[in-house]
Amino acid sequence: MAAPKPLCRFWEWGKNIVCVGRNYADHAKEMRSPVLSEPVLFLKPSTAYAPEGSPVLMPAYTRSLHHELELGVVMGKRGCAVPEAAAMDYVAGYALCLDMTARDVQDECKKRGLPWTLAKSFTASCPVSAFVPKEKIPDPHNLKLWLKVNGELRQEGETSSMIFSIPYIISYISKIMTLEEGDIILTGTPKGVGPVKENDEIQAGIHGVPNVSSATLPVRLQE
């Protein structure tokens, strides 16, 4: 019998990275985008994971790489058409994540009506912190996230400002695609997204959750 896979290393074996766009009204406003009545979804491949200590890789085809700070929800079991009332039973824990975005490429994709794959799904576009069991975070809707670039505070936002709650998101996604153990859902970014350049250093964390303060992540040009 195969040994169970450790959720504390979900990035080594988890299949899906499902991302929610425009889940904070202030971020939608800063992007000059409307607030929608349903979540915007997109995917990243598992090769997008960059665990703590790994550099952020900047694709050669972008001149405007942006940070987007997000709370990640790690699934603890398989779920299909999960009722919203039962959704939190499927959560194993959390991780702090970055949705690194080639903003100039995304803008061009939007203009041409194309998917965001080139802008969102490149190698190492999803740095993640250490896994935090859900018992350590009793209320994921009462967290304050922060991000610094070269020591300067760039993003600070509260998960209470999410438009769509975590149970709603899990239920919504699982009605479209089956979620598997080890999958992660990125729940959207608060306002304050902005550019980074080669050799910048990114730090991020969750106030009051010391184990989630990430190590410094250097930005490197992808070879």
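Leaving aside neighbours within four places in sequence, Leu153 is in contact (heavy atoms within 4.5 Å) with Trp146, Leu147 and Lys148. The structure is a predicted model, in which local features need pLDDT of at least 70 and side-chain atom pairs count only at pLDDT 80 or more, whereas totals for chains, interfaces and linings use all residues. Residues are numbered from 1 along each chain as its sequence is written, and side-chain values use heavy atoms, with hydrogens and water left out.

Leu153 is placed in strand β12, which comprises residues 152–158; helices (H or I, at least four residues) and strands (E, at least two) are DSSP runs numbered from the N terminus. With a relative accessible area of 42%, Leu153 is partly exposed, this class lying between buried (under 20% relative accessible area) and exposed (over 50%), as computed with a 1.4 Å probe and protein chains only. Leu153 and Gln203, although 50 residues apart in sequence, are 9.2 Å apart in space from C-alpha to C-alpha.

Helix α2 spans residues 103–112, and its buried residues are Arg103, Val105, Gln106 and Cys109. These residues cover an arc of only 155° around the axis, which puts them on the same side of α2; the arc is that of the directions from the helix axis to the C-beta atoms. An α-helix has 3.6 residues a turn, so residues three or four places apart point the same way. The cover over the buried residues of α2 includes β5 (65–67), β8 (101–102) and α3 (117–120), while the face of α2 turned away from its buried side carries the exposed residues Lys111 and Arg112. Gly113, which follows α2, has a positive phi, near 70°.

At the level of the whole chain, the secondary structure comes to four helices and 16 strands. The radius of gyration, taken over C-alpha atoms, is 16 Å, which agrees with the value near 17 Å that a compact globule of 223 residues would have under the rule of 2.2 Å times the number of residues to the power 0.38. Along its principal axes the C-alpha trace spans about 45 × 35 × 35 Å, and 52% of the 223 residues count as buried. Among contacts between residues at least 6 apart in sequence, 76% join residues at least 24 apart.
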